[in-house]
Every structure is written in C-alpha cells, then in structure tokens.
Amino acid sequence: QDHTPDVMLLDIEMPRMDGFEVASIVKHEERLKDVSIIMITSRTGQKHRERAFSIGVNEYLGKPFQETELLNLIEKCISVRVSA
C-alpha cells in the first residue's frame, strides 16, 4: 500500500481471488488504475483473452512462455507508463 508498482503480473488461477477479480479491483482503484497488468496463464482461449482485455489487462501471455518474451512485455509496459 505504500508503493505503486510499475507492472503487475497476474495468473487467472490464483488462491482466494482469481486474476480477473484482482485486475478488476486494480483498474477500479484510483491509485492503481494506471498500473500495467500482464496476465500470464495457461488459459489461452479467446474467451479468456477477451475478458482480460475488457477489464483493462494490458498484455496477455500464454504458458509456457519464453523469459525474453515476458521481459520484453515488462519493458514495453514500463516505457508506456514512463512516457505517459
């Protein structure tokens, strides 16, 4: 609560609250609404992808993924945030 992250990495399948719920809360919170969210998940179907983007997720990455792909997405999200 003391710091605002530059990027948030979420999975759809998480304990207590799924990634969709967390992303929705983040995007509706004034302090966090501009934080970039990268969803990393094994759920690669169009339905899940569309739901994530409709909530405000910035990037969607299917598992398995390459580390360089994730690092490139993080860099992209950070550079967009810095230039905004």
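What do the buried residues of α1 pack against? A few notes on that and some other spots follow.

1. Ground rules. This is a predicted model, in which local features need pLDDT of at least 70, side-chain atom pairs count only at pLDDT 80 or more, and totals for chains, interfaces and linings use all residues. Residues are numbered from 1 along each chain as its sequence is written, and side-chain values use heavy atoms, with hydrogens and water left out.

2. G19, F20, V22, A23, V26 and K27 of α1 are buried (under 20% relative accessible area; exposed is over 50%, partly exposed in between, with a 1.4 Å probe and protein chains only). They sit on the same side of α1 because they cover an arc of only 160° around the axis, taken from the directions from the helix axis to the C-beta atoms. Back to the opening question: the buried residues of α1 pack against β1 (7-10), β2 (36-41) and α2. Helices here are DSSP runs of H or I with at least four residues, strands are runs of E with at least two, and both are numbered from the N terminus.

3. How α1 meets α2. The axes of α1 (residues 19-28) and α2 (residues 46-55) come within 9 Å and cross at roughly 20°. Axes are lines fitted to C-alpha atoms, for helices over the stretch in contact, with angles from 0 to 180 degrees between N-to-C directions.

4. Who touches whom there. From α1 come F20, A23, S24 and K27, and they meet H48, R51, A52 and I55 in α2; contact means heavy atoms within 4.5 Å.

5. E59, a residue to look at. E59 lies in strand β3, and at 14% relative accessibility E59 counts as buried. Leaving out residues up to four places away in sequence, E59 touches I37, I38, M39, F53, L73, K76 and C77.

6. Most residues other than glycine have a negative phi, and most peptide bonds are trans. R16, in the loop between β1 and α1, has a positive phi of about 70° although it is not a glycine. With 90% relative accessibility, R16 counts as exposed. Then there is the cis peptide bond joining K63 and P64, with omega about -5°; P64 lies in the loop between β3 (59-62) and α3 (67-83).
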